[in-house]
Amino acid sequence: AAVAPEAVIVPIKVFNPWGITRSGAMRAAFHEAVATKADFIVCAWATRVRSQALRDGVEEAVAAGIPIIAAAGDRGDSLDKDPAFPAAWSGEFPGMIVSVASLTRNGDTISKQPGRHSNYSSTLVSIAAPGELMRVANPRNEFATAGSSGHAASLVAGALARQMQRSRGQAVERLLDQAREVPALGAF
């Protein structure tokens, strides 16, 4: 909302209050997003479970031409060795899955918060964005400080929404082309 205040956000609930879901719920959420003709889908979560239902949802979105912004995950793993989905499928769907790693608040290196070390990959992560110490909305009209690759993915989603306000065509490519290189991320 802070990056692209004119964007219309359509939340689709797939997790219960304890953060638990089923693959079928995720599949249904992708189907709902495609049915409502979403401009793009944000997966501000990652799972290590390789699910055919989740894969089917991703494939449905890709077939409909709907890009997916996917958090890389927060276990400090290389997606090449320990994949997190749907981000790890970015190599199979180039330009359609934008996998997002989390950077420190000032954007100079990969985020390594206590209990939230951003996943990384030189081949599967498309872009990185600040995801540490973010001011986020909290229930009851409050704000909190939080951070994760999901928060970084939300920033990237806002930037993509702004690109799409200008012109929908080639928006993902323009977004990635405008990213600046951070030399310290070479190891990641």
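A pocket here is an open set of points on a 1 Å grid over the protein atoms alone, where a 1.4 Å probe fits, with protein on both sides within 12 Å along at least five of seven lines. This is a predicted model: local features need pLDDT of at least 70, side-chain atom pairs pLDDT 80 or more, while totals for chains, interfaces and linings use all residues. Residues are numbered from 1 along each chain as its sequence is written, and side-chain values use heavy atoms, without hydrogens and water.

I then checked the lining (residues with an atom within 4 Å of a point). It has 29 residues, with Ile127, Ala128, Ala179, Arg180 and Leu185 nearest the centre. Helix α3 gives the largest share, six residues.

Next I turned to salt bridges (a side-chain nitrogen of Lys or Arg within 4 Å of a carboxyl oxygen of Asp or Glu). I found five in the structure. One of them joins glutamate 60 to arginine 27, with the closest N and O atoms 2.5 Å apart. This pair links distant parts of the chain, helix α2 to helix α1, 33 residues apart.

Glutamate 59 and arginine 55 also pair, at 2.9 Å, N to O. Both sit in α2, four residues apart, about one turn of the helix.

Arginine 75 meets aspartate 77 at 3.4 Å, N to O. I noted aspartate 77 as buried (under 20% relative accessible area) because its value is 14%. Arginine 75 is exposed (over 50%), at 55%.

Methods
Helix = DSSP H or I, 4+ residues; strand = E, 2+ residues; numbered from the N terminus. Buried < 20%, exposed > 50% of the residue type's maximum accessible area, 1.4 Å probe, protein only.
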